[in-house]
Amino acid sequence: MNPLQRLRARRREREEPLIDVETIPRRRLTIVLAIAVGLASLPMLITYILLILTSFSNTAGMLTISDLAHYVPTIQPWIDFLEGKVEPTAGHLYTTMEILGIILNTLIVAAGVSIVVVLTSTMAGYAFSRIRFRGRKALMQLVMILHAFPGVALIIAVYALYVWSLAALPPSAWNTYAFIYVILSRASLEIPMSIWLMKGFFDKIPWEVEWAAIVDGASRIRVWREIVLPLVKPGIAALSIFAFLAGWEDFIYVWVFLKPRDIYTLATFIEEQVRNLETAYFPVVAAAGTLYLIPTIIFFITTQHLLLETYAGGMKA
Amino acid sequence: MVEVRLENVTKKFGRVVALRDINLRFRDGKFTVVLGPSGSGKSTLLYLIAGIYKPTRGRIYFDDKDVTNLPPNKRNVGLVFQNYALYPHMTVYENIAFPLKLRKTPQRKIDEKVHEVAKLLHIEELLDRYPHQLSGGQQQRVALARALVKEPAVLLLDEPLSNLDALLRVKIRAELKKLQEQLGITAIYVTHDQAEAMALADEIIVIHRGVIQQKAPPKKIYEEPANLFVAGFIGNPPTNLLKARLVDGAIELGGSRITIPARLPRDGYIVVGFRPEHASVDAEPLENHASIPGEVYVVEDMGKEKILTIIIGGEMVKVIAPPTAEFKPGDKVYVNIPYRRIMLFDPETGARIEA
Ligand SMILES: Nc1ncnc2c1ncn2[C@@H]1O[C@H](COP(=O)(O)OP(=O)(O)OP(=O)(O)O)[C@@H](O)[C@H]1O
Ligand SMILES: [Mg+2]
């Protein structure tokens with residue numbers, strides 16, 4: 001190689017990484033990943049789509065891909081479902097369930113869990129983040145361990161406590177009490193993780209921002225309301241949705257505490273239908289399943305932007 | 001505008017003593033700079049004045065009013081934090097308006113004042129932005145605007161320029177000084193940058209490990225440092241400090257004996273100090289100078305001057321020479337220090353010995 005060629009070769013070497021390193025391989029990787037994830041989730045996606053399509057059809061069983069050729073959409077199954085006509089006998093559907101009540105029950109449990117979780121973990125998270133009290137570290141570790149306990153393992157103790165405490169109440173209050181009990185026990189499973197989540201959000205707010213507001217003339221309550229809360233709003237929103245879904249999807253607690261009192265939620269309702277699957281009318285069950293999915297879908301659409309919405313600026317590291 | 005006074009103030013965090021028995025007076029309408037290295041207790045001092053911290057012992061006065069137990073929101077101080085601490089979820093306008101809103105100022109008046117202070121600090125065109133959309137220098141101005149808008153009795157600034165680049169720092173520094181003079185406000189400014197302190201201060205307070213080392217105007221701090229710490233901290237390059245033996249009342253340094261017109265103990269040790277810009281390097285000893293023989297070690301050409309590192313009796317000193325000086329490593333030279341520029345310190349206490 002003569003000197004000129006060598007120089008050119010060196011310059012090529014030097015320039016190429018400038019164009020390549022940052023952009024192209026990463027983009028390629030992203031595409032490969034997207035295809036892989038897409039392929040892997042395809043079966044599940046198809047199942048969900050078939051479920052939704054079934055709920056708008058009048059086939060006797062579950063739709064299959066080959067049925068799609070002669071698919072005729074109808075909303076009859078949804079009407080039947082909402083009217084509670086879920087029991088097929090001799091080719092007819094009979095009203096056996098108060099569906100709107102079931103939806104309401106599910107909403108009560110979900111909203112209740114959400115409210116309890118948000119209230120307690122926001123306050124506890126703030127305390128863990130801001131106050132250096134004795135035993136803080138041990139308590140935080142304990143909270144972590146609590147999170148690791150499976151909810152099923154706890155249910156025996158929780159049930160014993162329930163039976164024992166029920167005896168102290170008049171029977172007229174038992175239904176309400178069962179609701180409260182489910183909400184509290186379900187919420188307590190969510191609270192440990194939520195405390196950690198909220199602590200993380202509070203940790204991101206420098207002390208100085210709170211002090212600045214106090215020096216500017218704000219009272220403690222005002223600082224909390226106008227500075228701290230708005231800054232952790234994305235956290236609270238995400239938390240309330242997580243907790244709502246946990247309540248909405250809960251099966252074991254509503255099954256143990258509410259079902260024996262003949263109080264159904266969507267989870268226990270669907271379970272009941274699935275148990276009689278041979279005789280069940282599929283489109284109606286599919287409608288119930290689809291309704292059950294809706295919060296998750298809404299959650300998916302809303303949280304994405306919520307979790308990305310963080311305030312970064314205005315504070316030096 | 002008030003005078004701020006601290007009387008016997010001590011602040012402890014657990015067992016850490018952040019400030020020890022501080023007695024200070026910050027004069028009304030003056031620009032006082034608190035200067036000290038990292039961890040010396042500067043922020044703590046400001047937070048005490050602002051009321052964010054309460055002193056462990058001692059009292060704080062604004063004029064004749066004892067504010068020791070007054071909460072921050074009742075003190076009417078403006079505080080610019082080390083990290084600005086802007087409200088991230090508010091626009092620049094809302095940030096600046098926040099203190100006024102808390103005072104229930106009518107909206108029309110708020111609008112007027114926010115624009116006035118924004119104009120003063122050249123941030124009018126930024127009012128609709130959020131803090132994260134601003135550069136460091138702009139955030140700093142917003143923080144300053146928020147502190148000024150409520151017309152505080154005292155303006156407290158905690159290293160407000162430390163995150164800016166060198167050019168911007170020098171520029172804003174001058175603006176800040178001008179602004180304080182215009183408003184005639186009592187300003188207390190904290191920094192670890194001695195050049196900043198010299199440039200801004202009517203009076204400098206040097207603090208180290210929570211103890212006040214010296215309080216004096218910049219010129220005096222520079223020329224008559226009270227102790228070894230102040231001498232070593234102020235100046236760039238810092239003061240040369242050499243430990244020397246006393247023999248029969250003369251100072252033995254680098255193999256030569258210097259007699260200076262001062263009353264010294266007959267024997268023992270002493271620390272000799274001189275500033276790099278006060279000595280000269282020559283081929284021969286000079287009249288009326290303390291002349292110490294040495295050898296040139298490194299020559300740094302800074303353009304407007306040369307910084308020579310010279311070895312004297314095994315220790316290195318720095319001397320500033322004119323850009324025309326022709327020295328190279330290995331040259332045998334004399335470091336000549338005018339007698340009146342020599343500073344002497346007690347090696348035990350660190351205190352300066354008055355000649
Ligand atoms: N909240 C606190 N808890 C415990 N120790 C503290 C606290 N705040 C400050 N200190 C200690 O007090 C001393 C002085 O701290 P301070 O923040 O006042 O220093 P500083 O001069 O502002 O330093 P810098 O230039 O790094 O900002 C340090 O030793 C620090 O570790
Ligand atoms: Mg500090």
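Arg130(A) lies over the face of Trp207(A), 4.7 Å from the ring centre. Chain B has a like arrangement: Arg5(B) sits over the face of Tyr61(B), at 4.7 Å from the ring centre. Both descriptions come from a predicted model.

**Aromatic pairs**

Over all chains, the count comes to 27 aromatic pairs. Two of them are described here. The rings of Tyr126(A) and Trp224(A) have planes at 80°, over the 60 degrees required, so this pair is edge-to-face. Their centres lie 4.8 Å apart. The pair links distant parts of chain A: Tyr126(A) belongs to helix 4 (residues 99-130) and Trp224(A) to helix 9 (residues 220-249), 98 residues apart. Tyr126(A) has a relative accessible area of 17% and is therefore buried. Trp224(A) counts as partly exposed, because its relative accessibility is 25%.

The pair of Trp211(A) and Tyr47(B) is edge-to-face, with 5.1 Å from centre to centre and 65° between the planes. Trp211(A) lies in helix 8 (residues 207-215) of chain A and Tyr47(B) in helix 1 of chain B, so this pair joins two chains. Both Trp211(A) and Tyr47(B) are buried.

Ring pairs also build a cluster in chain A. Its members are Tyr159(A), Tyr162(A), Tyr177(A), Tyr181(A), Tyr253(A) and Phe257(A).

**Ligand 1**

Ligand 1 is surrounded by 13 residues. The closest are Ser38(B), Gly39(B), Lys42(B), Ser43(B) and Thr44(B). Helix 1 of chain B gives the most to this shell, with three residues.

| Residue | Protein atom | Distance to a ligand oxygen |
|---|---|---|
| Ser38(B) | polar side-chain atom | 2.5 Å |
| Ser40(B) | backbone N or O atom | 3.2 Å |
| Ser43(B) | polar side-chain atom | 2.7 Å |

On its own, ligand 1 has 630 Å² of accessible area, and the protein covers 63% of that.

**The magnesium ion**

Which protein atoms are donors of the magnesium ion (ligand 2)? They are OG of Ser43(B) and OE1 of Gln82(B), lying 1.9 to 2.6 Å from the ion. Gln82(B) counts as partly exposed, because its relative accessibility is 30%.

Key
Residues are numbered from 1 along each chain as its sequence is written. Chains are lettered from A and ligands numbered from 1 in the order in which they are written. This is a predicted model: local features need pLDDT of at least 70, side-chain atom pairs count only at pLDDT 80 or more; totals for chains, interfaces and linings use all residues. Side-chain values use heavy atoms; hydrogens and water are left out. Donors are N, O and S atoms within 2.8 Å of the metal (3.2 Å for Na, K and Ca); water is not among the atoms, so sites may look incomplete. Buried means under 20% relative accessible area, exposed over 50%, partly exposed in between (1.4 Å probe, protein chains only). Rings of Phe, Tyr and Trp (its six-membered ring) pair if their centres lie within 6.5 Å; planes under 30 degrees apart count as stacked, over 60 as edge-to-face and the rest as tilted. Helices (H or I, at least four residues) and strands (E, at least two) are DSSP runs, numbered from the N terminus. A charge sits over a ring if NZ of Lys or CZ of Arg is within 6 Å of the ring centre and within 35 degrees of the ring normal. A residue is near a molecule or strand if one of its heavy atoms lies within 4 Å of it. A polar contact is a pair of N or O atoms within 3.5 Å; within protein, one must be able to donate a hydrogen and the other to accept it, and residues adjacent in sequence count only if both atoms are side-chain atoms. Accessible areas come from the Shrake-Rupley method with a 1.4 Å probe; for residues, only the protein chains shown count as cover.
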